[in-house]
Amino acid sequence: MPEQLISVDRLRIGMFINLHLKWYEHPFIFSSFKIKDESQIQTLKELGLTQVGFVPEKSESQPHPPPKAPPPSSPATPSGPTASAGASRDSLMELKQERIRQLRERKRKFSACERQYDRTFVQVQNIMKSLMTGSDEVGAQSRELIHDMVGSFLAEKEIVVQLMNAKSNEEGMFYHTLNVAILAMMLGKECGLESETIENLAMGALFHDIGKSRVPKKVLLKQTALTPPEKELLQLHTRYGEEIAMRIKDFPEEALQVIRQHHETMDGKGYPHQLQGGKITIPARITAIANAYDTLCNPLNVENAMTPHEALSYMFRRQQSQFDPGILATFIRYLGVYPPGTVVGLSNELIGLVVSINPKNQLQPGLLLYDPEVSPGEAYIIDMGDDPDLKIVRSIRPSQLSPEVYQYLSPRTRINYYYDAAPPGASVGSRP
Ligand SMILES: [Fe+2]
């Protein structure tokens with residue numbers, strides 16, 4: 001049933017309404033919402049509105065019967081509020097301004113995190129290049145990077161994992177390396193590992209696939225099924241990786257084990273040694289989970305990419321026997337049902353892209369909102385925790401989005417994560 005214009009005098013709790021005002025012309029978070037209490041109706045009256053759009057199919061209640069005298073007919077137009085109503089509206093608009101300030105601050109923090117991610121990515125590239133040229137600096141460079149990352153990661157009780165934008169698609173291998181290291185660190189912390197073990201885990205994760213540098217590109221980049229000899233060649237990368245890493249000065253044994261065992265599976269069907277669960281180290285089990293997740297979200301052929309939501313479901317339903325059940329449960333719990341990178345539909349009919357987890361409540365992540373009233377450059381990043389009534393009702397495949405929503409949210413072709421270790425409310429960096 002289409003929208004109906006009705007008088008504000010007929011509003012009741014449970015009715016879903018459209019204000020038909022610009023976002024800055026009213027104090028509500030959204031321009032379309034379900035009325036939850038009398039104070040919202042009072043606010044709508046104080047705004048001087050005469051009529052609003054009513055959407056019966058999204059409503060839980062029907063409007064009051066029409067009054068005997070017909071209401072003024074101009075739709076959704078403020079009609080000269082009284083002096084007291086005007087004062088009240090002013091204070092509501094002040095609240096709105098405060099909310100806009102918070103939204104901008106959130107965006108600024110997000111941008112600062114992206115800049116830090118870019119810097120870290122360059123460091124990872126340099127380390128890998130040094131490794132290829134046989135430079136002695138690799139050990140010190142990588143230890144310094146890992147030490148800094150783990151230090152800031154452990155300094156805060158709650159870490160917010162955020163979705164990052166890949167600047168280029170050409171460096172897939174480096175993005176994979178960094179992603180696996182970030183996810184492994186996050187998981188190591190959630191599993192309560194000691195800081196030294198987390199450093200070794202991160203070191204191993206950073207170099208887990210380094211042996212692939214000795215596998216022919218033809219095999220690495222092959223998008224169809226590998227022949228048995230090609231498969232054997234690819235599987236040698238764990239042994240090659242171990243050999244390369246052993247040449248790095250003071251490379252920790254625990255990190256070597258990550259490289260050696262990251263394709264071993266708990267059911268004993270992995271490689272190279274078909275180790276049974278108990279023989280696989282905890283850091284290697286963690287890296288196996290981070291590696292599998294990133295590979296499902298960011299496969300060689302982007303057309304086969306799963307959404308983060310699908311990847312977690314797939315790991316849980318189809319690959320469960322391969323992973324440590326406790327660590328997999330921790331991973332899923334931490335990333336949430338809708339991990340960063342998932343496009344979601346909301347209870348108020350809006351669409352958003354999940355951009356960060358909420359460590360306090362995984363069902364209320366941070367979202368980049370699609371709002372045609374706001375330009376994409378100014379798009380809001382909201383914290384669902386600020387609006388407890390707002391719920392995620394479904395995950396949406398990017399291919400199901402309309403072209404304008406797709407362009408606006410630009411769901412990432414690569415799912416890359418980084419972390420914001422700044423305490424909540426801290427101001428980070430300056431606006432770009
Ligand atoms: Fe690997």
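I took helices (H or I, at least four residues) and strands (E, at least two) as DSSP runs, numbered from the N terminus. On that basis I count 13 helices and 11 strands in the protein chain.

**Ground rules.** This is a predicted model: local features need pLDDT of at least 70, side-chain atom pairs count only at pLDDT 80 or more, and totals for chains, interfaces and linings use all residues. I number residues from 1 along each chain as its sequence is written.

**Overall shape.** I looked up the extent along the principal axes: the C-alpha atoms of the protein chain fill a box of roughly 85 × 40 × 35 Å. Next came burial. I call a residue buried if 20 or more other C-beta atoms lie within 10 Å of its own, exposed if 12 or fewer, and partly exposed in between, with C-beta atoms placed from the backbone. Of the 432 residues in the protein chain, 35% are buried. For contacts I required C-beta atoms, placed from the backbone, within 7 Å. Among contacts with a separation of 6 or more, 70% join residues 24 or more positions apart.

**Sheet.** I counted two strands as paired if DSSP finds at least two bridges between them. I found an open sheet of four strands, ordered E1-E4-E2-E3, with antiparallel pairing. Strand E1 (4–7) and strand E3 (32–34) are at the edges with a single partner strand each, so one side of each has no neighbour in the sheet. I fitted axes as lines to C-alpha atoms, with angles from 0 to 180 degrees between N-to-C directions. Direction ignored, neighbouring strands of this sheet are turned by 40 degrees against each other on average. Strand E2 (residues 16–18) pairs with E3 over three bridges, in the antiparallel sense. Asn18 stands opposite Ser32 in E3.

**Cores.** My nonpolar core is a set of buried Ala, Val, Leu, Ile, Met, Phe, Trp, Tyr and Cys residues joined through C-beta atoms within 7 Å. The largest one has 87 residues, and Ala184, Met185, Leu187, Ala202 and Ile289 have the most contacts inside it. Helix H4 (residues 172–190) gives the largest share of this core, 10 residues. At least three residues come from each of domain 2 (116–336) and domain 3 (342–411), with bounds from an automatic or database domain assignment. I then checked Leu187. Leaving out residues up to four places away in sequence, Leu187 touches Ile286, Ile289, Ala290, Ile327, Thr330 and Phe331. A second, separate core of 10 residues includes Leu11, Met15, Phe33 and Leu47.

**Helix H9.** I listed the buried residues of helix H9 (residues 253–261): Ala255, Gln257, Val258, Ile259, Arg260 and Gln261. They pack against helix H5 (195–206), helix H8 (237–246) and helix H10 (282–297).

Terms used:
Contact = placed C-beta atoms within 7 Å.
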